[in-house]
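Dear colleague,

Please find the structure below, together with its sequence. My notes on what was found follow it, arranged by site.

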Number of protein chains: 2
Amino acid sequence: MAILSFFTRASRAFNGYPASSKLLLLCTLSLSGGGVVAYSESQADVIKTSVQVNEKDSKKKRVVVLGTGWAGISFLKDLDVSAYDVQVVSPRNYFAFTPLLPSVTCGTVEARSIVEPVRNMIKKRNGEIRFWEAECMKIDDANKKLLCRHTSENNLVGNDEFSLDYDYLVIAVGAQVNTFNTPGVLENCHFLKEVEDAQKIRRSVIDCFEKAVLPGLTEEERRINLHFVIVGGGPTGVEFAAELHDFVKEDLVNLYPSVKDLVKITVVQSGDHILNMFDERISCFAEQKFSRDGIDVQTGCRVISLSDKEITMKIKSTGEVCSVPHGLVVWSTGVETRPVVKDFMAQIGQANRRVLATDEWLRVKGSENVYALGDCATINQRKVMEDISAIFKAADKDNSGFLTIKEFEDVVDDILERYPQVKHYLRSKQMRDVTDLLKDPEGNKRDEVDIEGFKLALVHADTQLKNLPATAQVAAQQGEYLSKCFNRKYLSEDNPEGPRRFRGSGRHQFRPFQYKHFGQFAPLGGEQAAAELPGDWVSMGHSTQWLWYSVYASKQVSWRTRVLVVSDWTRRFIFGRDSSRI
Amino acid sequence: MAILSFFTRASRAFNGYPASSKLLLLCTLSLSGGGVVAYSESQADVIKTSVQVNEKDSKKKRVVVLGTGWAGISFLKDLDVSAYDVQVVSPRNYFAFTPLLPSVTCGTVEARSIVEPVRNMIKKRNGEIRFWEAECMKIDDANKKLLCRHTSENNLVGNDEFSLDYDYLVIAVGAQVNTFNTPGVLENCHFLKEVEDAQKIRRSVIDCFEKAVLPGLTEEERRINLHFVIVGGGPTGVEFAAELHDFVKEDLVNLYPSVKDLVKITVVQSGDHILNMFDERISCFAEQKFSRDGIDVQTGCRVISLSDKEITMKIKSTGEVCSVPHGLVVWSTGVETRPVVKDFMAQIGQANRRVLATDEWLRVKGSENVYALGDCATINQRKVMEDISAIFKAADKDNSGFLTIKEFEDVVDDILERYPQVKHYLRSKQMRDVTDLLKDPEGNKRDEVDIEGFKLALVHADTQLKNLPATAQVAAQQGEYLSKCFNRKYLSEDNPEGPRRFRGSGRHQFRPFQYKHFGQFAPLGGEQAAAELPGDWVSMGHSTQWLWYSVYASKQVSWRTRVLVVSDWTRRFIFGRDSSRI
Ligand SMILES: Cc1cc2nc3c(=O)[nH]c(=O)nc-3n(C[C@H](O)[C@H](O)[C@H](O)COP(=O)(O)OP(=O)(O)OC[C@H]3O[C@@H](n4cnc5c(N)ncnc54)[C@H](O)[C@@H]3O)c2cc1C
Ligand SMILES: Cc1cc2nc3c(=O)[nH]c(=O)nc-3n(C[C@H](O)[C@H](O)[C@H](O)COP(=O)(O)OP(=O)(O)OC[C@H]3O[C@@H](n4cnc5c(N)ncnc54)[C@H](O)[C@@H]3O)c2cc1C
């Protein structure tokens, strides 16, 4: 009856209040009953979208965004839609919070808790963004046209294909799983890239257990079915291994006690250490934790083929080839460019590259008005040595053939902005002052340098060039950066904001994109995590896991998903993870 | 930081406490932070199950239960497992709370919230019940053997088939969807029977909307894609129609405003009214509500065929045939016997029947030690007129050829218990006293009747025979009844508990199964429901919906699902339903 009266009160209270007040009301109601349920952000009332472009819009520049992942959504978040006619194309009508995907594989968090419908997000923007659930099949660069196709299992009427024209194109389609053409991988592996992948893994893990306990199997057969192999010792593979280990240890051994000693988890890594993109201390901590947990880490092993029953590997050091039977394999080794982007690259003279290249302003090289960000592109940072003569010439105002400290100081900010590798170089050499660069080889201060001396000073700076990692952090920052550029496009035409052009005259319209690294987590199971924090800090253990919880809760894209994720964690604490095979 | 500190406190508190105390602790913790999260029942510590039958068990009678639906699970719930060696076979390793399935189709409730893993339920029984995730393919009645097969998408090692021997078999496999051999139904319809069906409908509804808003479709095409047809005006079909209407009205029109006026929902019903198994007032209320909501109800229409684009119906009254284009069709017209049961029926001489018949003790007719309950069987209630002479003879103690009031009163309790239709007959004739039966045709009391008079008194009683409805309520009561019989099997051999045998001597070992009807709900959307309550009470409107919430929350099989279902309802109130296509 308590529930009944709660809902009756809630219902009465709800009638006559706008949606935006519902949450506050419910909080009040449930507080008086002893519990807060949730908070929500208030939602602006909805204004209709229209499939037809209206009069005013037709004069606006048409921006088409491909993809609704981290990059696409963060671009849309702050974009000033009053200035553009914006259309978004993505085969998934939701944004997925990928960092929690490994948690979905074992039901620590539910799939629905980490997705937010795109339409929910754009409806708050007063409906001025139109969304099409479709895949872009072809980018026609010459005609500024896109060919898109809606795909669904259901046989609905009307053409699935349509084309869109654009003035500006923002490519944010992410990347696809890379099998490195290893035979058998596509047919026999699970991946961990999409929400559906995580759901499928979850079902399959339960399948392995249900099959393993059936009457009539030999112990060896039970053992094989319970051999879980993860190929790839990067953050995703390691996190999945840790999640799986927790799921087995905390939940499944109680439900399948007869086979609890037959479970084995193996991580296969081609490098010498797992998590080798992290600080060494973290790799080491992770390997020790896994060894205590009984997770088998096979480093220096390359998978050469796969069948539905066996995985064949080559041990790099000895060249030996061995085959191991498995129950389930998760392939998590890296990403490659999607076909639609490959095709586009061929059109714009990037056919020989592996990844689509942009400049530091995220503009695709070789194409006009096309931008690319996130996992689908890399920034080709300009080398300082390519421009060294131009820089010298521009800096040497009096054309004396010598650069004085004063002349150098006048251009140094522009150099650091345009060639951030110089900043990293200074830091790596522990130079406090930029003018230290101009010291002579013995380390003595000089008042001026000639072109050769200047070249010598910066000759090693470009070694600091590094591609940005394919992470959500990078994608999100790029999206935010690009939307700011779009918002100030007209403004900054007359008031350019960027560094001076050394090869031309004037300034660049915008500052180039600069990535700020806020650190990265590696959850390791058993309520422990490792983290690389800014400033080369490293943090490991239980408290890091709590930091992880708080960061991941705060980073959710909506109050809805935040409430759901936190309540999923709570549910898991109380009731454990669900083992129903759905 | 609030979240972080909450979890840190929770974590410290959790270490060192058994699982059973976790919830209490969390309540305390969160109360001090201002909110109660949930309660949980304490779980007994787990004792290992063993795949091998142990020494002691091998002397116990082997009971195999087929199915983990309402009937199977309620049978297992109270079964005294110390007396039997119990094995359970079901292709799904969870129990699903079917009455909430329609809510899953639109995301009012999540699929995971209405399922409970079978192993969770049997682990509480000290692991003495063994569960196999497999389908029973064949019942071999002569050899008391079952052939079972595990089915999974994953190619795991070991034989998928195994056989089981039984001493007692409990068939609770439910029924399957009945297409009445209508062409095109299997290929082009959605069903609403399993959890996966509901998930698939949810995805497809979103598909219809995403397709309908694409550029380049004509208005007619958009309209067709948004035409949702429900075939079958029973409780499930009607509830789904109502859910869908709410989903569209409360959530989807805001997200797909351009097509909000093109949506159409049609319910096709072959009878004259929807919900025609309910009281007339309810049918009428539902039809009026649907008409106000703009849901089109087409009664007196039979579907004769279906294609992926069109549904063809015959209007019964005029014989006219018409075809209507559709976007999605949900087929919800009734159930039929599963093939494995059909095959079993052929073995035991029930080949000519449509449904497996049992006696009033749920024993399958024509087989030894096999029981059937729930949707897969019907009770063949014995007609009182078949036994009328035997009853007369047994009652007429002095063999006078006349039955006195006193003699009748001596057997009347046994009659009412053995032939419950007599009770219903009395009620239908508004007879307060059983002896009223013996009155003469003019209604005058008689002191005694002869065999002809006795026959005349009961000749219409059998008209009250009715098959029990295929509902969760019936299945659950049968499961509970049968487990009680099993628990008292040995006890009651010497002390039979049932009514006297009129055709033989002594008493029946058990009382026959008797169904108690606690009423039935029909949710109609817009926070309104109708209900048939015991004693011919009818209740309709908003308050009935609150009653529905409270009953359905209280009927959940575990605290976990209860908490999840209630929090799903709450989530829906605050944030609406999720429209992500996953
Ligand atoms: C399991 C997992 C865990 C991760 N954990 C972390 C983490 O903890 N921290 C972190 O920083 N990063 C993490 N990452 C990496 C992070 O998810 C990616 O770097 C990030 O998603 C890249 O963003 P994106 O927008 O470029 O691509 P995505 O997020 O992949 O989005 C691509 C979008 O494009 C759409 N699309 C695809 N093809 C087409 C097409 N032809 N036309 C139109 N649209 C298309 C897709 O549907 C999708 O919406 C993780 C990744 C995975 C898979
Ligand atoms: C959408 C929907 C809504 C409903 N709403 C209500 C309601 O509100 N109130 C109400 O009272 N009733 C309702 N019902 C009806 C109710 O669900 C059924 O009457 C009830 O489930 C019957 O119980 P059962 O155990 O006989 O069969 P089921 O619950 O169907 O269970 C059958 C079990 O047998 C298993 N099985 C199937 N084949 C085999 C095989 N070959 N070998 C072994 N196992 C097998 C299945 O996996 C399942 O576990 C609803 C039904 C549906 C579909």
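**Surroundings of ligand 1**

A polar side-chain atom of Ser90(A) lies 3.3 Å from an oxygen atom of ligand 1. Please bear in mind that this is a predicted model.

Two further contacts involve oxygen atoms of ligand 1. Tyr552(A) places a polar side-chain atom 3.1 Å from an oxygen atom of the ligand, while Ala172(A) contributes a backbone N or O atom at 3.5 Å from an oxygen atom of ligand 1. On its own, ligand 1 has 990 Å² of accessible area, and the protein covers 90% of it. Several elements of chain A give two or more residues each to the shell, namely the helices α4 (70-78), α5 (101-104) and α17 (472-487) and the strands β2 (84-90) and β6 (135-140). The largest share, three residues, is that of α17(A).

The shell around ligand 1 holds 31 residues, of which Ala71(A), Thr98(A), Cys136(A), Asp375(A) and Ala472(A) come nearest. Sorted by class, 16 residues of this shell are nonpolar, ten are polar and five are charged.

**Surroundings of ligand 2**

A backbone N or O atom of Thr68(B) lies 3.0 Å from an oxygen atom of the ligand, and a polar backbone atom of Trp70(B) is 3.1 Å from an oxygen atom of ligand 2. From a side chain, an N or O atom of Ser90(B) is 3.3 Å from an oxygen atom of the ligand. The protein buries 90% of the 1,000 Å² that ligand 2 exposes when taken alone.

Ligand 2 is surrounded by 31 residues, and the closest are Ala71(B), Thr98(B), Cys136(B), Asp375(B) and Ala472(B). At least two residues of the shell come from each of α4 (70-78), β2 (84-90), α5 (101-104), β6 (135-140) and α17 (472-487) of chain B. With three residues, α17(B) provides the largest share. The shell divides into 16 nonpolar, ten polar and five charged residues.

**Other points in chain A**

Helix α8 of chain A comprises the 18 residues 195-212. At 1.5 Å a residue, this helix should span 26 Å, and its end C-alpha atoms are 26 Å apart, which agrees. Of the 18 residues of α8(A), 14 are buried, so that the helix is mostly covered.

Val474(A) belongs to helix α17 of chain A. This residue counts as buried because its relative accessibility of 4% is under the 20% limit. Between Val474(A) and Gln514(A) there are 40 residues of separation in sequence, and their C-alpha atoms are 9.6 Å apart in space.

Ser539(A) is found in strand β27 (residues 537-541) of chain A. Is Ser539(A) buried or exposed? Its relative accessible area is 18%, and Ser539(A) is therefore buried, the limit being under 20%. The C-alpha atoms of Ser539(A) and Ile282(A) are separated by 8.4 Å, although these residues are 257 residues apart along the chain.

Yours sincerely

Terms used: Residues are numbered from 1 along each chain as its sequence is written. Chains are lettered from A and ligands numbered from 1 in the order in which they are written. This is a predicted model: local features need pLDDT of at least 70, side-chain atom pairs count only at pLDDT 80 or more; totals for chains, interfaces and linings use all residues. Side-chain values use heavy atoms; hydrogens and water are left out. A residue is near a molecule or strand if one of its heavy atoms lies within 4 Å of it. A polar contact is a pair of N or O atoms within 3.5 Å; within protein, one must be able to donate a hydrogen and the other to accept it, and residues adjacent in sequence count only if both atoms are side-chain atoms. Accessible areas come from the Shrake-Rupley method with a 1.4 Å probe; for residues, only the protein chains shown count as cover. Helices (H or I, at least four residues) and strands (E, at least two) are DSSP runs, numbered from the N terminus. Ala, Val, Leu, Ile, Met, Phe, Trp, Tyr, Cys and Pro count as nonpolar, Asp, Glu, Lys and Arg as charged, and the others, Gly among them, as polar. The expected span of a helix is 1.5 Å times one less than its number of residues. Buried means under 20% relative accessible area, exposed over 50%, partly exposed in between (1.4 Å probe, protein chains only).
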